[in-house]
Amino acid sequence: MRFLVSTIILIFLQACSQNHQPIKTSPMENKEAKNNPYYSRTDTTKLNVSNEEWKKILAPDLYAVAREAATERAFTGKYNEFDEIGDYYCAVCGHHLFRSTSKFASSCGWASFFEADKEGVYYKKDSSYGMERVEVLCKRCDSHLGHIFDDGPKPTGLRYCMNSVSLEFVPDSQK
Ligand SMILES: [Zn+2]
């Protein structure tokens, strides 16, 4: 009997402690937004910030990809195998780039989308590394995001091959 009572008390205590779990951090408290005065999910004003300035603000891995067009290693990105419902923003400036409904499972090793926010990105011819590719950049802050290819699924046939480090995902549950 005593054992039963203590078991019930234990279950009760566990149930209580679950109510005291830490509250989810607010989207604005993410590491990208901290110490970054240019970061905003609502202000779409074009930014003109020098790389010298960005270097002081951004984490080294984000700076290398976003401002020097480096590419993260295949299959290492945090959004490569990721299918939560929400939106993807520019990790540098907070500009809206993709909706999760346009993300698809690609075997290429990088987060892949078939459609971008038309107000979110622009394109530039990229002839580096002996390849003819089309670079995808953030319309607000000119940061490098990845490349676009024409071997994607319907309805667009496009594949936005993105570096996860350049993206910041915000689930619908946090809006
Ligand atoms: Zn941006």
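Which residue in β9 does Y89 stand opposite?

**Before selecting anything**

This is a predicted model, in which local features need pLDDT of at least 70 and side-chain atom pairs count only at pLDDT 80 or more, while totals for chains, interfaces and linings use all residues. Numbering starts from 1 along each chain as its sequence is written.

**Whole chain**

Colour by secondary structure. The protein has three helices and nine strands, in the order α-α-α-β-β-β-β-β-β-β-β-β from the N terminus on. Helices (H or I, at least four residues) and strands (E, at least two) are DSSP runs, numbered from the N terminus. Of the 175 residues, 30% are buried. A residue is buried if 20 or more other C-beta atoms lie within 10 Å of its own, exposed if 12 or fewer, and partly exposed in between, with C-beta atoms placed from the backbone. Among contacts with a separation of 6 or more, 57% are between residues 24 or more positions apart. Two residues are in contact if their C-beta atoms, placed from the backbone, lie within 7 Å.

Residues 86-90 are strand β1. Two strands pair if DSSP finds at least two bridges between them. β1 and β9 pair in the antiparallel sense over five bridges. Here is the pair from the opening: Y89 stands opposite E168 in β9.

**Select L167**

L167 is found in strand β9. Is L167 buried or exposed? L167 counts as buried because it has 22 C-beta neighbours inside 10 Å. Not counting residues up to four places away in sequence, L167 touches Y79, Y88, A91, L97, A111 and M162.

**Select 60-68**

This is helix α3, whose buried residues are L62, V65, A66 and R67. Viewed down the axis of α3, these buried residues fall within an arc of 165°, so they line one face of the helix. The arc is that of the directions from the helix axis to the C-beta atoms. On the face turned away from the buried side, look for the exposed residues P60 and E68. To see what covers the buried residues of α3, show elements including α2 (51-57) and β7 (144-149).

A69 follows α3 and lies in the loop between α3 and β1. Its phi is near 60°, a positive value in a residue other than glycine. A69 counts as partly exposed because 17 C-beta neighbours lie inside 10 Å.

D142 sits in the loop between β6 (133-138) and β7. Although D142 is not a glycine, its phi is positive, about 65°. D142 has 17 C-beta neighbours inside 10 Å and therefore counts as partly exposed.

**Select K154 and P155**

What kind of peptide bond joins K154 and P155? The bond is cis, with omega about 5°. P155 lies in the loop between β7 and β8 (159-162).
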